[in-house]
Amino acid sequence: MKNIIVNKILLLSIFLFISCGEKKTEEEHAEEKSETEVALTEKQAKTIGIETGSIEMKNLNTIIKANGYTAVPPQNRADVSTLIGGVVKDIFVLEGTFVAKGKTLATIQNLEVSEMQEEYQSAVANIEYLEHEFKRQKTLSEENVNPRKTFQEVKSKLASERAKAQAAKNKLQALNVNPKGSTSLVPIVSPISGYVGNINITKGAFAETGVTLFEVVDNSQMHLDLNVFEKDLGKISIGQEVDFILTNQSNKAIKGKIFGINKSFSNESKTVAVHARINPGNTKDLISGMYVAANINISNQTVSALPKDAIVKNGEKYFIYIEESGNEEVVKNEEHRKEGGNHKEIHFKAVEVSVGTTDLGYTEVKLIEEIPSDAKIVIKGAYYLLSQSKGGGEHEH
């Protein structure tokens with residue numbers, strides 16, 4: 001008798017466990033369904049402005065987003081220094097001043113310069129004398145009047161003086177000093193035309209060799225250095241157009257064109273530098289080193305697309321809503337009777353999609369699960385449906 005009672009208790013426990021499990025599964029299913037389905041009456045749908053449509057084939061411009069900086073080529077940027085140290089005598093420019101190539105930016109004083117000029121001029125005078133002596137000794141040597149040794153000595157001295165004069169001349173020309181003059185001032189000249197950047201000297205200070213005194217930048221050849229990730233590199237090619245916006249120019253859209261792609265990675269982030277030349281008319285107010293966010297226009301492709309308002313984001317996923325056919329029901333509750341008879345209820349189901357490029361108000365969509373070819377897709381009011389599925393809470397655009 002005792003065993004029979006125990007068996008009945010065990011059977012009852014198993015029955016209750018199964019019943020609770022089934023109930024829980026039904027509740028979970030109902031909860032899941034409530035998150036993916038929304039029901040509205042015809043009147044509600046009309047009030048909200050629900051509109052349906054279908055997936056269209058659109059010719060959209062595919063883009064790759066890339067960040068980077070404005071830059072100038074090395075040949076359009078100069079760090080001006082001096083080949084000889086000296087005391088800064090005068091400074092003739094200010095930061096931001098435009099200077100032409102060859103313009104004197106400053107002068108420094110060094111007494112060694114006047115000594116170089118004297119050395120050059122002395123060598124030139126010796127050359128004049130030795131040239132006459134060379135001609136005379138050559139004639140005498142040919143007539144066997146003087147020993148040939150004397151002629152060779154004059155020839156050697158002439159070559160030595162010429163070498164000495166040329167060396168002194170080269171030094172003075174490198175310093176932009178006239179070899180025939182007499183001065184201790186060395187002009188610091190700009191090697192390119194452009195705008196003066198940083199000035200790193202002051203009047204009366206000692207300017208050392210190898211130290212940048214002035215920075216000159218020519219912005220006329222401004223370009224972009226954009227960082228493109230490895231996964232997108234295969235889509236990039238020479239000649240593709242680039243669009244970018246600078247906030248300091250009232251969000252004016254500026255265009256450029258790719259002219260170069262690096263063949264090595266820039267850093268540990270596995271990006272490759274892509275260079276785009278900016279249209280010359282748009283470089284006037286640009287400064288080297290400005291941060292930019294750019295769109296590289298890859299190509300026009302015909303893709304499946306929907307109006308961008310048809311797609312909503314919930315968490316990290318994207319969804320569209322379709323009107324479920326055959327699910328209209330007659331609502332017969334007391335509230336609807338007071339409003340004037342029966343009302344049809346329309347059901348909408350959320351379908352997950354992946355999205356691509358957005359252009360001309362349309363967004364590329366790829367279906368993760370199959371839907372009927374004649375499915376009615378909500379193209380207006382999708383954000384309201386998402387809000388309703390969350391119990392009227394906030395939604396993400």
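Student: Why does Lys231 count as exposed?

Tutor: In this predicted model, Lys231 has a relative accessibility of 67%. Exposed means over 50%, so Lys231 counts as exposed.

Student: What makes Asp232 buried?

Tutor: The relative accessible area of Asp232 is 11%. Buried means under 20%, so Asp232 is buried.

Student: How do you know that the side chains of Lys231 and Asp232 meet in a salt bridge?

Tutor: The distance from N to O is 3.3 Å. A salt bridge requires a side-chain nitrogen of Lys or Arg within 4 Å of a carboxyl oxygen of Asp or Glu, so Lys231 and Asp232 meet in a salt bridge. A search of the whole structure finds 10 salt bridges.

Student: Which parts does the salt bridge of Lys255 and Asp243 tie together?

Tutor: These side chains meet at 2.7 Å, N to O. Lys255 belongs to strand E14 (residues 252-265) and Asp243 to strand E13 (residues 241-246), so the pair ties together parts that are 12 residues apart in sequence.

Student: Why is the pair of Tyr69 and Tyr291 called edge-to-face?

Tutor: The ring centres of Tyr69 and Tyr291 are 5.8 Å apart, with the planes at 75°. Centres within 6.5 Å make a pair, and planes over 60 degrees apart count as edge-to-face, so this pair is edge-to-face. Tyr69 lies in strand E3 (residues 56-71) and Tyr291 in strand E16 (residues 291-307), 222 residues apart.

Student: Is Tyr69 buried, exposed or partly exposed, and why?

Tutor: Tyr69 has a relative accessible area of 44%.

Terms used: Residues numbered from 1 in each chain as written. Predicted model: local features only at pLDDT ≥ 70, side-chain atom pairs only at ≥ 80, totals over all residues. Heavy atoms only, no water. Phe/Tyr/Trp six-rings, centres within 6.5 Å; stacked < 30°, edge-to-face > 60°. Helix = DSSP H or I, 4+ residues; strand = E, 2+ residues; numbered from the N terminus. Buried < 20%, exposed > 50% of the residue type's maximum accessible area, 1.4 Å probe, protein only.
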